[in-house]
Amino acid sequence: MAIELDATDWRILKELQADGRMTNIALANRIGLSAPPCLRRVRALEEAGLISGYTALIDEVALGYALTAFAMVRLHNQAESDLRTFENRILAWPLVREAYMLSGESDFMLKCIARDLPEFQNFVLDELTSAPNVASVKTFLTIRRTKREPGVPIAAAGPDET
């Protein structure tokens with residue numbers, strides 16, 4: 001079931017994406033509604049699956065996770081059952097924080113966070129390259145993060161305003 005969003009819904013999404021911890025009262029004040037209808041709209045957005053959860057952005061370096069790397073993985077076979085098997089393995093690897101199935105030369109791109117290079121190397125050698133169906137792995141170490149903006153590019157009134 002598709003949900004029809006009006007400008008107020010888009011403003012709610014934009015505000016919550018910027019600060020998911022704000023209270024309903026603060027949100028209502030920012031978008032110009034009273035608290036009860038604002039809460040109803042937020043719950044409707046949650047129930048429709050447009051808001052799938054709330055999270056905190058953690059400074060990984062401050063917690064001792066100094067290395068961010070990407071691994072481009074090519075599989076021997078891309079049959080649906082083989083893809084699902086590999087995806088299930090990805091879900092069990094704590095160092096893999098994001099994973100995307102790709103079209104093109106690589107089948108998957110994995111974003112990995114590790115404490116240091118030896119921890120990442122051990123993961124690549126002991127887990128990733130030795131996983132069944134993995135044909136090749138190319139790794140890329142990041143130098144620095146230039147931008148971190150989770151979510152989608154929402155303008156206040158909706159996608160036509162971006």
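In this predicted model, residues 5-66 are 53% helix and 0% strand, and their end C-alpha atoms lie 40 Å apart. The domain assignment of the chain gives other bounds: domain 1 covers 7-48 and domain 2 covers 61-141. Between the C-alpha centres of domain 1 and domain 2 the distance is 36 Å.

Two packed helices are described by the angle between their axes and the distance between the axes.

| Helix pair | Angle | Distance between axes |
|---|---|---|
| Helix 2 (residues 24-31) and helix 3 (residues 35-47) | about 100 degrees | 9 Å |
| Helix 1 (residues 7-18) and helix 3 | about 80 degrees | 10 Å |

At about 100 degrees, helix 2 and helix 3 are therefore roughly perpendicular to each other. Helix 2 contributes Asn-24, Ile-25, Leu-27, Ala-28 and Ile-31 to this contact, and helix 3 contributes Ala-35, Cys-38, Leu-39 and Val-42. By class, the contact of helix 2 with helix 3 consists of 8 nonpolar residues and 1 polar residue, with no charged residues.

For helix 1 and helix 3, the angle is about 80 degrees, so helix 1 is roughly perpendicular to helix 3. On the helix 1 side the contact is formed by Thr-8, Asp-9, Ile-12, Leu-13 and Leu-16; on the helix 3 side, by Arg-41, Val-42 and Leu-45. The residues of the contact of helix 1 with helix 3 comprise 5 nonpolar, 1 polar and 2 charged. Val-42 of helix 3 takes part in the contact with helix 2 and also in the contact with helix 1.

Aromatic pairs are a separate feature. The structure holds 3 of these pairs. One of them joins Phe-86 and Phe-108, with 5.0 Å from centre to centre and 55 degrees between the planes, a tilted arrangement. Phe-86 belongs to helix 4 (residues 80-91) and Phe-108 to strand 3 (residues 108-114), so the pair ties together parts that are 22 residues apart in sequence.

Conventions
Residues numbered from 1 in each chain as written. Predicted model: local features only at pLDDT ≥ 70, side-chain atom pairs only at ≥ 80, totals over all residues. Heavy atoms only, no water. Axes fitted to C-alpha atoms, helices over the stretch in contact; angles between N-to-C directions. Helix = DSSP H or I, 4+ residues; strand = E, 2+ residues; numbered from the N terminus. Parallel < 35°, antiparallel > 145°, perpendicular 65-115°, else oblique. Contact = heavy atoms within 4.5 Å. Nonpolar A, V, L, I, M, F, W, Y, C, P; charged D, E, K, R; others polar. Domains from an automatic or database assignment. Phe/Tyr/Trp six-rings, centres within 6.5 Å; stacked < 30°, edge-to-face > 60°.
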